[in-house]
Amino acid sequence: MNMSIYINENKITKLSIIGSVGLPANYGGWESLIENIINFISKDLEICVFCSSKIYKNKIPKYKNVKLIYINLYPNGFQSIFYDLFSMIYAIRKSNLMLLLGVSGCIFLPLIKIFYKGKIIVNTDGLDSERLKWGYFARIFLRLSEAFAVSFADCIVTDNHGISKHILKKYGCKTVQIAYGGDHAKKIKLSLKVKKIFNIPNIYAFKVARIEPENNIEMILNCFSKTGFPLVIVGNWNSNQYGRDLIEKFKKISNIKILDAIYDLKILNQIRSNAFIYVHGHSVGGTNPSLVEAMASGLPIFAYDVNFNRYTTDNSCLYFKNDKELNSLILNINKNVISKIGIKMKQIANQKYKWSKIGQQYLNLFRNL
């Protein structure tokens, strides 16, 4: 073995992972990423994950052989900037490698690099500054943070070819592309108990997402309310006024089943994997976790027509750009076509989105730095 690939063959690589809510994973894509890759890298690295004590009331010191450090701030919104900053300050003396998830704290990288002698990797996520929920000044800040990330990090990771192209075109910077895994989403028979508790119909379309405008939730709800095809949709409806308004508007539509966020993966997998089709409305981002999970479940996909979604699905599902096109897809479902798309999605997921592959790619990156 060529030992030169290691940062130092006589020194343990101490990795700090910064920017997620924390572990155990109960919240979103970053947490699922960490939860799954540590299964493949923790035996080779000494790992510390920063967690929000605002979210985790039970502060366990270790999880899956990973040390957990708690920061008394929320990891989202305005506080996320300082959540990342304090995590990085702590990590300066405790690690020789940092993995930053997202760019909000990267505004401080010029300062951090003065004191930190290790390597810094930034996974930029999607085009966060383009999310409709942000105001003018927030978007300016996120664009500046992205520019600082590209300028001062030792390596930029993207999870989608569309994001890689954006970084290369805008900054002239090459990236390391590592996708998101999906094989934690298992095909599970829908139990009578779960079917009854959540009132799941026999045949239905499914969607799970954060309830944000850029995920085209209202368009999807409008289309299904008009076509009458059953839809089960899961999300954090009460986290913002947008979600609460949608509940009020569609709660009486008989073919639409609105469910609150489900953090029990066994239950979520049952409902998701037995859907007839999966509807993906995300218009911003890279390799969206919910899309990859649906592919890994072998579901036929109707996806919003943006380059990120086309790259993720290898141009092999059905796409819509507006209400009219989505209505047409719903009203003209062909079982044979749908079946073939589901098989193709599963094949792509097996080739590109398995956590064993993703974990090995991250481990190789950490070693080669």
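**Salt bridges**

The whole structure, a predicted model, holds 10 salt bridges. The term means a side-chain nitrogen of Lys or Arg within 4 Å of a carboxyl oxygen of Asp or Glu. Residues are numbered from 1 along each chain as its sequence is written, and side-chain values use heavy atoms, without hydrogens or water. Local features need pLDDT of at least 70 and side-chain atom pairs count only at pLDDT 80 or more, while totals for chains, interfaces and linings use all residues.

Select K170 and E146. Their side chains form a salt bridge, 3.9 Å from N to O. This pair links distant parts of the chain: K170 lies in helix 5 (residues 161-171) and E146 in helix 4 (residues 136-152), 24 residues apart. Helices here are DSSP runs of H or I with at least four residues, strands are runs of E with at least two, and both are numbered from the N terminus. Now color by accessibility. K170 is partly exposed, at a relative accessible area of 46%. E146 is buried, at 8%. Buried means under 20% relative accessible area, exposed means over 50%, and partly exposed is in between (1.4 Å probe, protein chains only).

Go to R272 and E293 next. The two side chains meet in a salt bridge of 2.9 Å, N to O. R272 is buried at 0% relative accessibility. E293 is also buried, with a relative accessible area of 10%.

Then select D314 and K352. Their closest N and O atoms are 3.0 Å apart, in a salt bridge. D314 sits in the loop between helix 11 (307-312) and strand 14 (318-320), K352 in helix 13 (residues 335-352), and the two are 38 residues apart. D314 is partly exposed at 36% relative accessibility, and K352 is partly exposed at 25%.

One more stop on this topic: K43, D44 and R367. Salt bridges that share partners join these residues into one network.

**Positive patch**

Show the surface and pick K14, K62, K67, R93 and K94. They gather in a patch of positive charge. Patch residues have over 30% relative accessible area and no salt bridge, and like charges are joined within 9 Å. K14 belongs to strand 1 (residues 14-18). K14 is partly exposed, with a relative accessible area of 34%.

Move to helix 7 (residues 217-227). It is mostly covered, with 8 of its 11 residues buried. Among them are I217, M219, F224 and T227.

Step just past the helix to G228, where phi is positive, about 85°. G228 lies in the loop between helix 7 and strand 10 (231-235). G228 is partly exposed, at 39% relative accessibility.

Finish at strand 13 (residues 301-304). I301 and A303 point one way, F302 and Y304 the other, and all are buried. Strands pair if DSSP finds at least two bridges between them. Which residue of strand 13 is the bridge partner of Y278? Select I301.

Conventions
Patch = residues over 30% accessible without salt bridge, like charges linked within 9 Å, V, L, I, M, F, W, Y side chains within 5 Å. Areas by Shrake-Rupley, 256 points an atom, 1.4 Å probe, with all protein chains shown as cover. Lys, Arg positive; Asp, Glu negative; His and termini not counted. Charge placed at Lys NZ, Arg CZ, Asp CG, Glu CD.
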